[in-house]
Amino acid sequence: MSDGNYTSRDRRTFIVAFLAGVALVVGYGIYTLWPSAPPELDPVVVGDAPKVEITVAGEANGVIEITLRPDLAPGHVERIITLANEGTYDNVVFHRVIDGFMAQTGDVEFGKADGNGGRAGMGGSSYPDLKAEFTDEPYLTGTVGMARSQSPNSANSQFFIMFAPGDFLNGKYTVVGHVTGGFDVVQAIKRGEGPNGSVLGKPDVMTSMRVVE
């Protein structure tokens, strides 16, 4: 009689423990699969860092907020703010967009939506090129970097926004900011074709780019 009661209690304890274990595993699985914002979209923002808002039209429609990093690249950030305040970035297209990599824009010389799109990506502003301001800041999803040619000191007005991390860019291209709002707009930008990501037809355009307080 006592042996039977012990076996029954033991069986009940085993069943309870088993069900609790199943619930724990299922709960952990749901937690890990639950969609959340990528941690890369939580940048370190220093003090009252300036921001710019880019209004995009085309396949993507909406506003992208970029928090600039003058603590990392004061000269490059000053250039972006200057061109934005002058309205020079208005009506400039995203001329090079590579899925899974980045979207490039900012050619204020040849990249206007109503200009010579065939040369987009080959120009810059009326200001001189900038001296490189490379740092250890990593290229994460949403990082904004300055485009350049082979020369490290050739960045001018063009910049790119990362769709995904790109460790191979670390320390080789100047980081100027990070997307802090509207990353869904970034993800919707019209993609280009081929390994160079040239956008065919009608590319998406920055209808305006403004500095905000």
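Trainee: How many bridges join β1 to strand β9?
Mentor: Seven, and the two run antiparallel, with β9 covering residues 205-212. Strands here are DSSP runs of E, at least two residues, and helices are runs of H or I, at least four, numbered from the N terminus. Two strands pair if DSSP finds at least two bridges between them. This is a predicted model, where local features need pLDDT of at least 70, side-chain atom pairs count only at pLDDT 80 or more, and totals for chains, interfaces and linings use all residues. Residues are numbered from 1 along each chain as its sequence is written, and side-chain values use heavy atoms, leaving out hydrogens and water.

Trainee: OK, and what is the bridge partner of Ala-57 in β9?
Mentor: Val-205.

Trainee: Which residues of β1 are on its covered face?
Mentor: Val-52, Ile-54 and Val-56. Lys-51, Glu-53, Thr-55 and Ala-57 make up the uncovered one. In a regular strand, side chains alternate between the two faces of the sheet.

Trainee: How many bridges pair β1 with β2?
Mentor: Six, in the antiparallel sense, with β2 at residues 62-68. Val-56 has Gly-62 as its bridge partner there. The two strands form a hairpin with four residues between them, and Gly-58 in the turn has a positive phi of about 135°.

Trainee: New topic: is His-76 buried or exposed?
Mentor: Buried, because its relative accessible area is 1% (buried is under 20%, exposed over 50%, partly exposed in between, with a 1.4 Å probe and protein chains only). His-76 sits in helix α2, residues 74-86.

Trainee: What does His-76 touch?
Mentor: Leaving out residues up to four places away in sequence, its contacts (heavy atoms within 4.5 Å) include Leu-130, Glu-133, Met-146 and Val-176.
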